[in-house]
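Reader: I would like to learn how to read a few features of a protein model. Could we go through them one by one?

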Amino acid sequence: MDLGNPFPRPVPNCYTPITWPKGNVIQLPLTITAEEKQESAINILLRRRTRRQFSDISLDSLGALLWISCHTRELGSDHLGFPLSRRPCPSGGAIHPIHLLVLLPQEECWYRYDPNQHVLHETPSKLDATIVKSSMQNIVTAPSATLFILAAEPGMTAAKYEASASLVWRDAGVMLGVLAIAAEALDLSFCPLGVTGEPWVSQLLEQPGLSGVGGAFVGTTPSS
(Lines give C-alpha, C1' and ligand atoms only; values in the text may rest on other atoms or scores of the structure.)
Protein backbone atom coordinates (compact mmCIF):
# COMPACT_ATOMS: atom_id res chain seq x y z
CA MET A 1 0.00 0.00 0.00
CA ASP A 2 1.37 3.39 -0.99
CA LEU A 3 0.96 5.68 2.00
CA GLY A 4 2.46 8.64 0.19
CA ASN A 5 5.01 11.12 1.48
CA PRO A 6 3.88 13.32 4.38
CA PHE A 7 4.35 17.07 4.15
CA PRO A 8 3.10 19.96 6.32
CA ARG A 9 -0.15 21.57 5.30
CA PRO A 10 0.23 25.17 4.12
CA VAL A 11 -2.43 26.09 6.67
CA PRO A 12 -2.90 23.58 9.53
CA ASN A 13 -6.36 22.38 10.40
CA CYS A 14 -7.81 22.83 13.87
CA TYR A 15 -8.72 19.43 15.28
CA THR A 16 -10.98 18.74 18.25
CA PRO A 17 -9.56 15.70 20.05
CA ILE A 18 -11.55 12.87 21.52
CA THR A 19 -13.13 13.46 24.93
CA TRP A 20 -12.28 10.48 27.10
CA PRO A 21 -14.82 9.17 29.61
CA LYS A 22 -13.43 9.09 33.12
CA GLY A 23 -13.71 6.57 35.90
CA ASN A 24 -11.46 5.65 38.79
CA VAL A 25 -7.87 6.88 38.85
CA ILE A 26 -4.79 4.85 39.76
CA GLN A 27 -1.91 7.03 40.92
CA LEU A 28 1.37 5.70 39.56
CA PRO A 29 4.47 6.00 41.74
CA LEU A 30 7.86 6.93 40.37
CA THR A 31 10.63 4.72 41.70
CA ILE A 32 13.87 4.51 39.72
CA THR A 33 17.04 3.32 41.45
CA ALA A 34 20.37 5.08 41.19
CA GLU A 35 21.82 2.04 39.37
CA GLU A 36 19.06 2.15 36.77
CA LYS A 37 19.67 5.85 36.18
CA GLN A 38 23.41 5.34 35.71
CA GLU A 39 23.45 2.25 33.50
CA SER A 40 24.79 2.75 29.99
CA ALA A 41 22.25 2.80 27.15
CA ILE A 42 24.78 0.79 25.13
CA ASN A 43 24.70 -2.07 27.64
CA ILE A 44 20.91 -2.06 27.70
CA LEU A 45 20.67 -2.22 23.91
CA LEU A 46 23.23 -5.02 23.63
CA ARG A 47 21.43 -7.26 26.12
CA ARG A 48 17.85 -6.49 25.08
CA ARG A 49 15.81 -9.55 24.17
CA THR A 50 12.11 -10.24 23.69
CA ARG A 51 11.03 -12.17 26.78
CA ARG A 52 7.83 -14.21 26.88
CA GLN A 53 7.68 -15.32 30.52
CA PHE A 54 5.81 -12.94 32.82
CA SER A 55 4.94 -12.50 36.46
CA ASP A 56 2.63 -9.76 37.79
CA ILE A 57 4.14 -6.30 37.48
CA SER A 58 4.09 -4.00 40.49
CA LEU A 59 2.71 -0.48 40.31
CA ASP A 60 6.21 0.77 41.09
CA SER A 61 7.65 -0.98 38.02
CA LEU A 62 4.73 -0.02 35.79
CA GLY A 63 5.00 3.59 36.89
CA ALA A 64 8.75 3.65 36.25
CA LEU A 65 8.31 2.11 32.79
CA LEU A 66 5.67 4.62 31.70
CA TRP A 67 7.53 7.57 33.20
CA ILE A 68 10.79 6.67 31.43
CA SER A 69 9.13 6.15 28.06
CA CYS A 70 5.93 8.19 27.80
CA HIS A 71 5.46 10.95 30.37
CA THR A 72 5.02 14.57 29.26
CA ARG A 73 8.06 16.68 30.01
CA GLU A 74 6.85 19.94 28.49
CA LEU A 75 3.70 21.27 26.83
CA GLY A 76 3.85 23.52 23.79
CA SER A 77 1.60 25.40 21.40
CA ASP A 78 -2.07 24.41 21.07
CA HIS A 79 -2.59 25.97 17.64
CA LEU A 80 -3.76 22.61 16.23
CA GLY A 81 -6.59 22.43 18.77
CA PHE A 82 -4.57 20.43 21.32
CA PRO A 83 -1.18 21.03 22.95
CA LEU A 84 1.99 19.72 21.37
CA SER A 85 4.29 18.02 23.86
CA ARG A 86 7.81 16.82 24.49
CA ARG A 87 8.15 13.30 25.81
CA PRO A 88 10.98 10.74 26.06
CA CYS A 89 9.37 8.88 23.14
CA PRO A 90 9.65 10.96 19.93
CA SER A 91 6.68 11.73 17.69
CA GLY A 92 6.27 13.37 14.29
CA GLY A 93 5.57 17.07 14.81
CA ALA A 94 5.55 16.60 18.62
CA ILE A 95 1.90 15.59 18.18
CA HIS A 96 1.86 12.24 20.03
CA PRO A 97 -1.37 10.86 18.53
CA ILE A 98 -1.09 7.44 20.20
CA HIS A 99 -2.88 6.72 23.46
CA LEU A 100 -1.58 3.85 25.57
CA LEU A 101 -4.38 1.59 26.81
CA VAL A 102 -3.54 -0.67 29.73
CA LEU A 103 -5.26 -3.92 30.68
CA LEU A 104 -4.09 -5.18 34.07
CA PRO A 105 -4.26 -8.96 34.59
CA GLN A 106 -6.31 -8.69 37.79
CA GLU A 107 -8.75 -6.10 36.39
CA GLU A 108 -11.62 -6.44 33.93
CA CYS A 109 -11.75 -2.79 32.87
CA TRP A 110 -9.86 -0.55 30.49
CA TYR A 111 -7.33 2.03 31.63
CA ARG A 112 -5.64 4.83 29.69
CA TYR A 113 -2.25 6.22 30.64
CA ASP A 114 -2.35 9.98 31.14
CA PRO A 115 1.16 11.22 30.30
CA ASN A 116 0.50 14.69 31.73
CA GLN A 117 -0.58 13.55 35.20
CA HIS A 118 1.26 10.18 35.25
CA VAL A 119 -1.86 8.26 36.27
CA LEU A 120 -4.07 5.53 34.86
CA HIS A 121 -7.60 6.69 34.10
CA GLU A 122 -10.28 4.03 34.06
CA THR A 123 -12.01 4.24 30.68
CA PRO A 124 -15.63 3.06 30.89
CA SER A 125 -16.56 1.16 27.74
CA LYS A 126 -19.15 -1.26 26.46
CA LEU A 127 -16.30 -3.27 24.96
CA ASP A 128 -15.54 -6.27 27.18
CA ALA A 129 -11.86 -6.19 28.11
CA THR A 130 -11.84 -9.93 28.81
CA ILE A 131 -12.57 -10.65 25.13
CA VAL A 132 -9.45 -8.75 24.10
CA LYS A 133 -7.34 -10.40 26.79
CA SER A 134 -8.51 -13.84 25.73
CA SER A 135 -7.68 -13.15 22.11
CA MET A 136 -4.17 -12.02 23.00
CA GLN A 137 -3.62 -15.22 25.00
CA ASN A 138 -3.99 -17.11 21.72
CA ILE A 139 -0.87 -15.32 20.48
CA VAL A 140 1.30 -15.62 23.61
CA THR A 141 0.10 -17.49 26.68
CA ALA A 142 0.75 -14.94 29.41
CA PRO A 143 -2.05 -14.82 32.00
CA SER A 144 0.06 -12.76 34.44
CA ALA A 145 1.17 -10.16 31.89
CA THR A 146 -0.15 -6.63 31.62
CA LEU A 147 -1.44 -5.86 28.12
CA PHE A 148 -0.64 -2.61 26.33
CA ILE A 149 -2.79 -1.62 23.35
CA LEU A 150 -1.71 1.34 21.21
CA ALA A 151 -4.74 3.40 20.16
CA ALA A 152 -4.01 6.04 17.54
CA GLU A 153 -6.05 9.18 16.98
CA PRO A 154 -5.00 9.82 13.35
CA GLY A 155 -6.93 13.08 13.10
CA MET A 156 -4.35 14.70 15.35
CA THR A 157 -1.48 14.08 12.93
CA ALA A 158 -3.68 14.84 9.92
CA ALA A 159 -4.30 18.32 11.35
CA LYS A 160 -0.71 19.25 10.49
CA TYR A 161 0.33 16.88 7.71
CA GLU A 162 -0.99 15.80 4.33
CA ALA A 163 -0.57 12.04 3.69
CA SER A 164 -0.11 11.61 7.43
CA ALA A 165 -0.91 7.89 7.81
CA SER A 166 2.68 6.64 7.65
CA LEU A 167 3.70 9.09 10.39
CA VAL A 168 1.16 7.50 12.74
CA TRP A 169 2.46 4.00 12.01
CA ARG A 170 6.04 5.14 12.52
CA ASP A 171 5.05 6.74 15.83
CA ALA A 172 3.63 3.36 16.88
CA GLY A 173 6.86 1.55 16.01
CA VAL A 174 8.96 4.09 17.86
CA MET A 175 6.75 3.82 20.95
CA LEU A 176 7.05 0.03 21.02
CA GLY A 177 10.82 0.30 20.61
CA VAL A 178 11.23 2.83 23.42
CA LEU A 179 8.99 0.76 25.72
CA ALA A 180 11.08 -2.33 24.93
CA ILE A 181 14.34 -0.57 25.79
CA ALA A 182 12.92 0.97 28.96
CA ALA A 183 11.55 -2.42 30.03
CA GLU A 184 14.99 -3.98 29.57
CA ALA A 185 16.55 -1.23 31.67
CA LEU A 186 14.10 -2.08 34.47
CA ASP A 187 14.68 -5.86 34.15
CA LEU A 188 11.13 -6.43 32.93
CA SER A 189 9.85 -8.91 30.36
CA PHE A 190 8.49 -7.22 27.24
CA CYS A 191 7.01 -8.79 24.11
CA PRO A 192 5.58 -6.78 21.19
CA LEU A 193 2.56 -8.50 19.64
CA GLY A 194 1.94 -8.77 15.93
CA VAL A 195 -1.54 -7.25 16.16
CA THR A 196 -3.03 -3.85 15.49
CA GLY A 197 -5.70 -4.01 18.17
CA GLU A 198 -8.52 -3.92 15.66
CA PRO A 199 -11.46 -4.26 15.53
CA TRP A 200 -11.56 -3.57 19.25
CA VAL A 201 -9.92 -0.15 19.49
CA SER A 202 -12.32 1.45 17.02
CA GLN A 203 -15.20 0.03 19.11
CA LEU A 204 -13.82 1.19 22.47
CA LEU A 205 -15.66 4.52 22.61
CA GLU A 206 -18.97 5.72 21.24
CA GLN A 207 -17.01 8.53 19.56
CA PRO A 208 -15.31 7.70 16.24
CA GLY A 209 -11.68 8.49 15.60
CA LEU A 210 -9.58 5.76 17.23
CA SER A 211 -7.67 3.02 15.44
CA GLY A 212 -5.48 0.22 16.81
CA VAL A 213 -1.81 0.35 15.81
CA GLY A 214 -0.11 -2.24 18.01
CA GLY A 215 0.13 -4.09 21.28
CA ALA A 216 2.56 -5.67 23.73
CA PHE A 217 2.79 -7.74 26.90
CA VAL A 218 4.85 -6.55 29.86
CA GLY A 219 5.52 -8.04 33.26
CA THR A 220 8.12 -8.87 35.84
CA THR A 221 10.74 -11.34 34.66
CA PRO A 222 10.10 -14.50 36.74
CA SER A 223 13.79 -15.04 37.53
CA SER A 224 14.18 -11.48 38.86
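**Salt bridges, a strand and the cores**

Author: We can start with a charged pair: Arg-9 and Glu-162 form a salt bridge, and their closest N and O atoms are 2.9 Å apart. The model is a predicted one.

Reader: Where do Arg-9 and Glu-162 lie?

Author: Arg-9 is in the loop between β1 and β2 (25-27), while Glu-162 belongs to strand β9 (residues 161-162), so the pair ties together parts that are 153 residues apart in sequence. Glu-162 is partly exposed, at 28% relative accessibility.

Reader: How many salt bridges are there by this rule?

Author: The rule asks for a side-chain nitrogen of Lys or Arg within 4 Å of a carboxyl oxygen of Asp or Glu. The count comes to six salt bridges. One of them joins Glu-206 to Lys-126, with the closest N and O atoms 3.5 Å apart. Glu-206 sits in the loop between β10 and β11 and Lys-126 in the loop between β7 (119-122) and α4 (129-137), so this pair ties together parts that are 80 residues apart in sequence.

Reader: Is Glu-206 buried or exposed?

Author: Glu-206 is exposed, with a relative accessible area of 73%.

Reader: Now a strand. Which way do side chains point in a regular strand?

Author: Side chains in a regular strand alternate between the two faces of the sheet. In β5, Ile-98, Leu-100 and Val-102 point one way, and His-99, Leu-101 and Leu-103 point the other way. Six of the six residues of β5 are buried.

Reader: In what sense does β5 pair with β8, and in what sense with β6?

Author: β5 pairs with β8 in the antiparallel sense over six bridges. Leu-101 has Ile-149 of β8 as its bridge partner. The pairing of β5 with β6 is antiparallel too, over two bridges, and there the bridge partner of Val-102 is Tyr-111.

Reader: Which residues touch the most other members of the largest nonpolar core?

Author: In this core of 34 residues, they are Leu-65, Leu-66, Leu-120, Phe-148 and Phe-190. Elements that each supply at least two of the core residues include α3 (59-70), β5 (98-103), β8 (146-152) and α6 (165-185). The most comes from α6, with eight residues.

Reader: Which residues make the nonpolar surface patch of about 390 Å²?

Author: Met-1, Leu-3 and Trp-169 make that patch. Leu-3 lies in the segment before β1 (7-8). With a relative accessible area of 33%, Leu-3 is partly exposed. A patch residue needs over 30%.

Terms used. Residues are numbered from 1 along each chain as its sequence is written. This is a predicted model: local features need pLDDT of at least 70, side-chain atom pairs count only at pLDDT 80 or more; totals for chains, interfaces and linings use all residues. Side-chain values use heavy atoms; hydrogens and water are left out. A nonpolar core is a set of buried Ala, Val, Leu, Ile, Met, Phe, Trp, Tyr and Cys residues joined through side-chain atoms within 4.5 Å. Buried means under 20% relative accessible area, exposed over 50%, partly exposed in between (1.4 Å probe, protein chains only). Helices (H or I, at least four residues) and strands (E, at least two) are DSSP runs, numbered from the N terminus. Patches are made of residues with over 30% relative accessible area and no salt bridge: like charges are joined within 9 Å, nonpolar side chains (Val, Leu, Ile, Met, Phe, Trp, Tyr) within 5 Å. Accessible areas come from the Shrake-Rupley method with a 1.4 Å probe; for residues, only the protein chains shown count as cover. Two strands pair if DSSP finds at least two bridges between them.
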